[in-house]
Amino acid sequence: MVRIMPVDRLTDEEVREILTKYRRIALVGASPKPERDSNDVMRYLIEKGYEVYPVNPRYSEVLGKKCYPSILDIPDEVEIVDLFVRPELTRDYVEQAIKKGAKVVWFQFGTYNRESFRRAKEAGLIAVAHRCIKQEHARLVKV
């Protein structure tokens, strides 16, 4: 069986290291609606002990947490920027992640944008693509 290398070229060990090393996540595109994937993933990450900062200019609060209009408005350090926005919107958030000093930009399923991905990598960030952070955590991190 031939295993195709994912577009981000990260091994399971590298993804596991990201998920165990970094604990502060800006979740961009957070929604208070329980039927949304972003809501489900945010709830899961909180339950697993991550500090999650919802980012969405349309809401003031998501899952009992203050929701920020941009990554740059978060007063604390951010290590992972988890994207739940349309591919054409990712560029601005990648730029914010760079300015904020994030270590990782995570492109959830359906959010990948080649230019944004390339920009994140050129700026020295780890770029994860075509993966769900919740699924990868459940698969790779045994707690």
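Student: What makes β1 and β5 a pair, and in which sense do they pair?

Tutor: Two strands pair if DSSP finds at least two bridges between them. Strand β1 (residues 24–28) and strand β5 (residues 80–83) are joined over four bridges, in the parallel sense. Four bridges meet the requirement of at least two, so the two strands count as a pair. In β5, for instance, Ile 80 is the bridge partner of Ile 25.

Student: Before we go on, what kind of model is this?

Tutor: It is a predicted model, where local features need pLDDT of at least 70, side-chain atom pairs count only at pLDDT 80 or more, and totals for chains, interfaces and linings use all residues. Residues are numbered from 1 along each chain as its sequence is written, and side-chain values use heavy atoms, with hydrogens and water left out.

Student: Which order do the strands of the open sheet follow, and which are called edge strands?

Tutor: The order is β2-β1-β5-β6-β7, five strands with parallel pairing. The edge strands are β2 (51–55) and β7 (126–129), as each pairs on one side only. Neighbouring strands are turned by 20° against each other on average, direction ignored. Here axes are lines fitted to C-alpha atoms, for helices over the stretch in contact, and angles run from 0 to 180 degrees between N-to-C directions.

Student: How many bridges join β5 to β6, and which residue stands opposite Trp 106?

Tutor: β5 and β6 run parallel and are joined by four bridges. Asp 82 is the residue opposite Trp 106 of β6.

Student: Which way do the side chains of β6 point?

Tutor: Val 104 and Trp 106 point one way, while Val 105 and Phe 107 point the other way. In a regular strand the side chains alternate between the two faces of the sheet.

Student: Why is Gln 96 called buried?

Tutor: Buried means under 20% relative accessible area, exposed over 50%, and partly exposed in between, using a 1.4 Å probe and protein chains only. Gln 96 has a relative accessible area of 15%, which is under 20%, so Gln 96 is buried. This residue lies in helix α3. Leaving out residues up to four places away in sequence, Gln 96 touches Ser 70, Ile 71 and Leu 72, where contact means heavy atoms within 4.5 Å.

Student: Why does Arg 36 count as partly exposed?

Tutor: Its relative accessibility is 42%, between the 20% and 50% limits, so Arg 36 is partly exposed. Arg 36 lies in the loop between β1 and α2 (37–47).

Student: What about Ala 138: where does it lie, and why is it partly exposed?

Tutor: Ala 138 belongs to helix α5 (residues 133–140). The relative accessibility of Ala 138 is 46%, again between 20% and 50%, so Ala 138 is partly exposed. Ala 138 and Tyr 44 are 94 residues apart in sequence and 9.7 Å apart in space, C-alpha to C-alpha.

Student: Which residues make the contact between α2 and α5?

Tutor: Asp 40, Val 41, Tyr 44 and Leu 45 in α2 meet Ile 133, Lys 134, His 137 and Ala 138 in α5. The two helix axes come within 9 Å and cross at roughly 40°.

Student: What makes phi of Leu 63 worth a look?

Tutor: Most residues other than glycine have a negative phi, and most peptide bonds are trans. Phi of Leu 63 is near 50°, a positive value in a residue other than glycine. Leu 63 sits in the loop between β3 and β4. At 29% relative accessibility, Leu 63 falls between 20% and 50%, so Leu 63 is partly exposed.

Student: Where is His 130, and what is its phi?

Tutor: His 130 is in the loop between β7 and α5, and phi of His 130 is also positive, near 55°.
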